[in-house]
Amino acid sequence: TKCESGCVCADGLYENLDGRCVPAEECPCEYGGLAYGKGEQIQTECEICTCTKGKWKCIQKSKCSSTCSLYGEGHITTFDGQRFVFDGNCEYILAMDGCSVNRVVSSFKIVTENVICGRSGVTCSRSISIYLGNLTFVLRDETFTTSGKNPGVQYNVKKNALHLMFDIIIPGKYNMTLIWNKHMNFFIKISRETQETICGLCGNYNGNMKDDFETRSKYVASNELEFVNSWKENPLCGDVYFVVDPCSKNPYRKAWAEKTCSIINSQVFAACHNKVNRMPYYEACVRDSCGCDIGGDCECMCDAIAVYAMACLDKGICVDWRTPEFCRKF
């Protein structure tokens, strides 16, 4: 409606992020606040996207995977991305199949046993049991034991200084990678070749986080505690009625927790800030650091930071954040 002084690009040219005029085929694409040039690719768990004329063109991967995370003092992110926290002193089913109404026999079941690890009542995942028919793995005390056999399952166990990793193939059904940091963090990465229903605290893996609080009785719970209580492995355990706020119970620890966890918000992780929302991880770190009040407080804090570092790595950002003085590897 009015003239404005200044320079414009000539016909057929477009201004890129550097202020230069380029033809359409040279236009960059943006993702997470970062610019990507012509032909550059980004990958998610389900898609490979290529920058073409300023727009992303995405191709679906033949095998799409998703990850459920259990970390720290009862933090869970489901396969579909729903987040919640619970404090329950019991065994809970994290994930299993065979959940349909006609009760098909499950080919896998993963159970976490939680124990109280602080005076405020917070819980930590200490033991993981993986049931694959007649084959069972129990992860406890920084190691694992195996019992039984199942010739229909292929598996490989790898170790490094920080993790135990299980690659499990159930032919025709699932490829799973289970990662345990020998302490409180456990990740289930799964891709499936079947539309078999999955259920448990990790949700129903149907691409919709809004119905992730589906109970064992096949209805969507009105709140997360009702949902959590429905997935107790042992019905004799008591129900959870509230979620503890450790920083309110231990206010003297809050300043230390906020200071040590602030590495997540610092320049150390700057390359990741546009790729992964850091606030849920920072808040989880503060909560856990307040809650570990009977020893292991630094371990709780380091575990929480490591979860953010792993989320960054999943987006292709590798952050070297450990030092000999801060959360050293050994």
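Let's start at threonine 136, which sits in strand β14, residues 135-140. Strands here are DSSP runs of E with at least two residues, helices are runs of H or I with at least four, and both are numbered from the N terminus. This is a predicted model, where local features need pLDDT of at least 70 and side-chain atom pairs count only at pLDDT 80 or more, while totals for chains, interfaces and linings use all residues. Residues are numbered from 1 along each chain as its sequence is written, and side-chain values use heavy atoms, with hydrogens and water left out.

So, is threonine 136 buried or exposed? Its relative accessibility is 13%, so it counts as buried. By that I mean under 20% relative accessible area; exposed is over 50%, and partly exposed is in between, with a 1.4 Å probe and protein chains only. Leaving out residues up to four places away in sequence, threonine 136 touches Ile130, Tyr131, Thr145, Thr146 and Ser147. A touch, or contact, means heavy atoms within 4.5 Å.

Now please find phenylalanine 213, in the loop between β20 (198-199) and α1 (224-230). Phenylalanine 213 is counted as buried because its relative accessibility is 13%. Its contacts, again not counting residues up to four places away in sequence, include Gln82, Phe84, Tyr219 and Phe227. Proline 235 is 22 residues from phenylalanine 213 along the chain, and their C-alpha atoms are separated by 19 Å.

Next, the helices. Arginine 253 belongs to helix α3, residues 251-261. With 10% relative accessibility, arginine 253 counts as buried too.

Helix α5 runs over residues 279-291, and its 13 residues reach 18 Å from first C-alpha to last, close to the 18 Å expected. The expected span is 1.5 Å times one less than the number of residues. Ten of the 13 residues of α5 are buried, so the helix is largely enclosed by the rest of the structure.

Let's step back to the domains. The assignment gives domain 1 (13-60), domain 2 (65-230) and domain 3 (246-315); such bounds come from an automatic or database domain assignment. How far apart are the C-alpha centres of domain 2 and domain 3? They lie 23 Å apart. At their interface, 19 residues of domain 2 contact 18 residues of domain 3. The two bury about 1,700 Å² between them, 54% of it on carbon and sulfur atoms. Buried area is the accessible area (1.4 Å probe) that two parts lose on being put together, summed over both. Five residue pairs are in polar contact across this interface, both residues at pLDDT 80 or more.

Finally, the whole chain. It has six helices and 20 strands, and its C-alpha atoms fill a box of roughly 75 × 50 × 40 Å along the principal axes. Of its 330 residues, 46% are buried.

Notes. A polar contact is a pair of N or O atoms within 3.5 Å; within protein, one must be able to donate a hydrogen and the other to accept it, and residues adjacent in sequence count only if both atoms are side-chain atoms.
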